[in-house]
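Let's take a friendly walk through a protein model and look at how its charged side chains pair up. Have the sequence and the 3D view ready.

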Amino acid sequence: MGFCVLLDCSTKTESSFETIFGHCNASSRFLEDSLTGNICKTPSRLKLLSQLLACDWLLEARTALWEIEKDMRYNQQLHQTVPGQILAAFQADLNLLRMVTSKFPNAQSRVFLYEAVCRLMAGAAPGPTQQLLDRSLRQRNSRSSLICGKDRSAQLAGGRERAAALYVACKHLPAPCLSSPGERAGMLEEAAKTLEKIGDKKRLQQCYQLMKSLGSGSVTN
């Protein structure tokens, strides 16, 4: 995924989170207006692809904010549920993504991924969440082409999505959901290799950090 909101340690304040959350909400409204325009006039393929990219950016940004806040609460030994307005905003953007992907069946894996994230945010049972992540990974493996059309672009997009699904599963699913103790390490290693191959350095560093925290083999960053 191409857009990731990561805050420096010195800027992890309540006001900075609220500011970014506000920007996401404003962007979501603009995107909704754009999608509403599709009803009145048949959109071009380029416009649909732009809307798909915007949905992906928004949901990734909201996911990153949630993960940062969750890590901060864990470090402070606070166990709070996700505020209703944050979850509702994520669900609203997820609905926008469903609208866009109705035109691109091959992009359904993104819906499965963010549906899984939404369940994680809500604290839902992990079993169905794992199934959504599995569906996301299976669809990426089975599809013969991506919406981008060009082979190189397809490989980059598919690799980034697959790495994201593996990372989410390793970081957030409870250990009993993974079939063996070494499965989490293997999944993280696969995600790291994919991210290194496509040149996503920021995501790669996140993956390395998670590998270190879980003691998953050697890290060579």
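Arg98 is partly exposed, with a relative accessible area of 34%; buried means under 20% relative accessible area, exposed over 50%, and partly exposed in between (1.4 Å probe, protein chains only). Its side chain meets that of Glu115 in a salt bridge (3.0 Å, N to O), that is, a side-chain nitrogen of Lys or Arg within 4 Å of a carboxyl oxygen of Asp or Glu. Glu115 counts as buried, at 19% relative accessibility.

## About the model

This is a predicted model, where local features need pLDDT of at least 70 and side-chain atom pairs count only at pLDDT 80 or more, while totals for chains, interfaces and linings use all residues. Residues are numbered from 1 along each chain as its sequence is written, and side-chain values use heavy atoms, leaving out hydrogens and water.

## Other salt bridges

How many salt bridges are there by this rule? The count comes to eight. One of them joins the side chains of Asp93 and Arg62 (2.5 Å, N to O). Here Asp93 is buried, at 1% relative accessible area, and Arg62 is buried too, at 6%.

Another salt bridge brings together Asp71 and Lys171 (3.1 Å, N to O). Both partners are partly exposed: Asp71 has a relative accessible area of 33%, and Lys171 has 23%. Asp56, Arg110 and Glu161 are linked in a network of salt bridges.

## Cysteines

The structure holds zero disulfides, a disulfide being a pair of cysteine sulfur atoms within 2.5 Å. Cys24 is buried at 7% relative accessible area, and Cys55 is buried at 1%.
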